[in-house]
Amino acid sequence: HKKYVAFKPVGKTNRRWPDQVIEQAPRWCAVDLRDGNQALIKPMNVAQKQRLFDLLVKLGFKEIEIGFPAASQPDFDFCRKLIEENRIPKDVRIQVLTQARPELIARTYEALKGADRAIVHVYNSTSTVQREQVFGLDRAGIREIAVNGARWVKEHADLAPETEWTFQYSPESFTGTELDFAVEVIDSVNAVWRPDLGQGVVINLPATVEMSTPNVFADQIEWVCDHVAHREHFSISVHTHNDRGCGVAAAELAMLAGADRVEGTLMGNGERTGNMDLVTMAMNLYSQGIDPHLDLSGMAEIVETVEACTDISTHPRHPYAGDLVFTAFSGSHQDAIRKCLALRKPDDVWNVAYLPIDPADLGRHYDEVVRINSQSGKGGVAYVLERDYDITLPRWLQIEFSKVVQAEAETNGGEIDSLTIHRLFEEKYLKV
Ligand code: KIV
Ligand code: ZN
């Protein structure tokens with residue numbers, strides 16, 4: 001992505017890591033088929049799950065959480081289908097979620113029988129509110145649930161050595177958990193799993209509910225990274241939700257604070273206000289010259305597939321993906337964009353006013369950028385005539401004709417399409 005420049009932020013982004021910048025993409029994990037799915041009014045059927053899975057593979061995701069097979073028959077069936085029909089590429093790991101309960105863990109391993117490789121993701125809730133009000137347990141009781149879960153996960157894996165297992169643990173509701181307790185639980189789980197002896201382990205720290213500003217979340221991540229045992233032997237993952245609208249920002253700052261893996265969903269589908277949006281975060285990296293190792297160049301197909309599988313439409317102003325995000329109606333914006341594009345040479349670094357990235361990188365075209373309504377000026381109208389009809393207007397005529405178009409837009413109250421602009425031009429200047 002030589003066309004974009006990686007920039008160093010000016011000033012302090014956080015008092016503890018002021019000079020850090022993200023230098024490479026995280027290890028991604030897409031949880032659309034589990035967290036995204038569990039939040040849908042109508043959960044996906046097996047065919048929809050397959051379609052979304054295939055898209056995630058095509059985009060380049062190497063870790064994909066496919067469901068909670070012990071809790072849902074369609075998730076179990078989907079997991080079996082992927083394995084039995086050999087639909088998991090060799091470089092992709094499926095991940096499945098389970099609670100730390102023996103019968104659920106046993107069923108999870110039934111679902112995964114015969115997989116070449118898989119991530120078993122076990123969780124239990126650790127926050128004060130969950131401990132005291134939901135489970136009625138003290139710290140020791142909660143830690144015991146986690147340690148037992150880790151033990152059962154390991155015991156089942158030991159019985160199926162033909163599969164390459166990665167273990168993942170989430171202290172669910174981490175953002176409401178005392179940090180010293182979170183570290184105590186993580187160390188206890190790792191004492192069972194032994195990442196220091198080579199077992200692949202991910203410790204996933206969720207903002208199950210986004211409770212604070214992103215810098216506070218990042219401080220929590222940093223504290224854990226600084227205090228856990230054997231940090232160098234396992235991955236720290238973050239799994240942010242978007243309750244305060246900052247899921248992406250929290251994940252980005254968490255990377256600066258030491259996380260190396262990020263979980264999220266396409267377009268941010270997920271519980272309540274959703275999960276961290278993978279599209280936005282990946283494209284944020286891309287726009288700073290960092291290869292996200294995901295191919296988002298076919299944005300129309302991504303939007304269409306996600307909409308078909310989730311039955312949730314994409315907001316027209318959704319970062320990078322919405323219909324209107326590379327559109328300029330305002331005359332001064334159109335003018336500036338036109339001037340920058342006219343000066344631009346093919347190998348120049350992208351530096352176009354009002355367009356943070358080149359829409360072509362997402363499979364979109366500059367044609368969609370200039371659209372005309374009553375806010376548009378002479379530049380936009382002239383551009384449409386030139387682009388669609390090869391008609392070049394002198395400056396005086398641009399000024400005069402844009403008033404005609406503006407009057408029509410004010411009467412009709414909305415957008416004026418290219419055909420109407422041409423008809424107005426014909427009526428005024430070409431018809432005798
Ligand atoms: O948000 C959350 O805490 C989760 C966990 C199960 C990781 O989805
Ligand atoms: Zn979640």
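**Close-up views of a predicted model**

**View 1. The annotated binding site.** UniProt, in an unreviewed entry, lists Asp35, His239, His241 and Asn275 under "binding site". They are spread over 241 residues of sequence, yet they cluster in space, with a largest C-alpha distance of 10.3 Å. Aspartate 35 has its place in helix H1 (residues 32-38). Helices (H or I, at least four residues) and strands (E, at least two) are DSSP runs, numbered from the N terminus. UniProt positions follow the numbering used here, feature names are shortened, and annotations may be inferred rather than shown by experiment.

A word on the model: it is predicted, local features need pLDDT of at least 70, side-chain atom pairs count only at pLDDT 80 or more, and totals for chains, interfaces and linings use all residues. Residues are numbered from 1 along each chain as its sequence is written, while chains are lettered from A and ligands numbered from 1 in the order in which they are written.

**View 2. The surroundings of ligand 1.** Which residues surround ligand 1? They are Asp35, Leu97, Tyr123, Ser170, Glu172, Asn204, Pro206, Thr208, His239 and His241; a residue is taken as near if its C-beta atom, placed from the backbone, lies within 6 Å of the molecule. Strand S5 (164-172) and strand S6 (200-207) are the elements that give two or more residues to this shell. By class, the shell has three nonpolar, five polar and two charged residues. Here Ala, Val, Leu, Ile, Met, Phe, Trp, Tyr, Cys and Pro count as nonpolar, Asp, Glu, Lys and Arg as charged, and the others, Gly among them, as polar.

**View 3. Helices H6 and H7.** Helix H6 (residues 139-158) packs against helix H7 (residues 179-193) at an angle of about 25°, with axes 9 Å apart. Axes are lines fitted to C-alpha atoms, for helices over the stretch in contact, and angles run from 0 to 180 degrees between N-to-C directions. That makes H6 roughly parallel to H7, a term for angles under 35 degrees. Among the residues making the contact are Arg139, Ala146 and Ala150 of H6 and Phe181, Val185 and Trp193 of H7. Two residues are in contact if their C-beta atoms, placed from the backbone, lie within 7 Å. The contact divides into eight nonpolar, one polar and five charged residues.

**View 4. Helices H4 and H6.** Helix H4 (residues 102-112) packs against H6 at about 30°, with their axes 10 Å apart. In H4, Pro102, Ile105, Ala106 and Tyr109 meet Trp152, Val153 and His156 in H6. This contact has six nonpolar, one polar and no charged residues.

Terms used
Angles under 35 degrees count as roughly parallel, over 145 as roughly antiparallel, 65 to 115 as roughly perpendicular and the rest as oblique.
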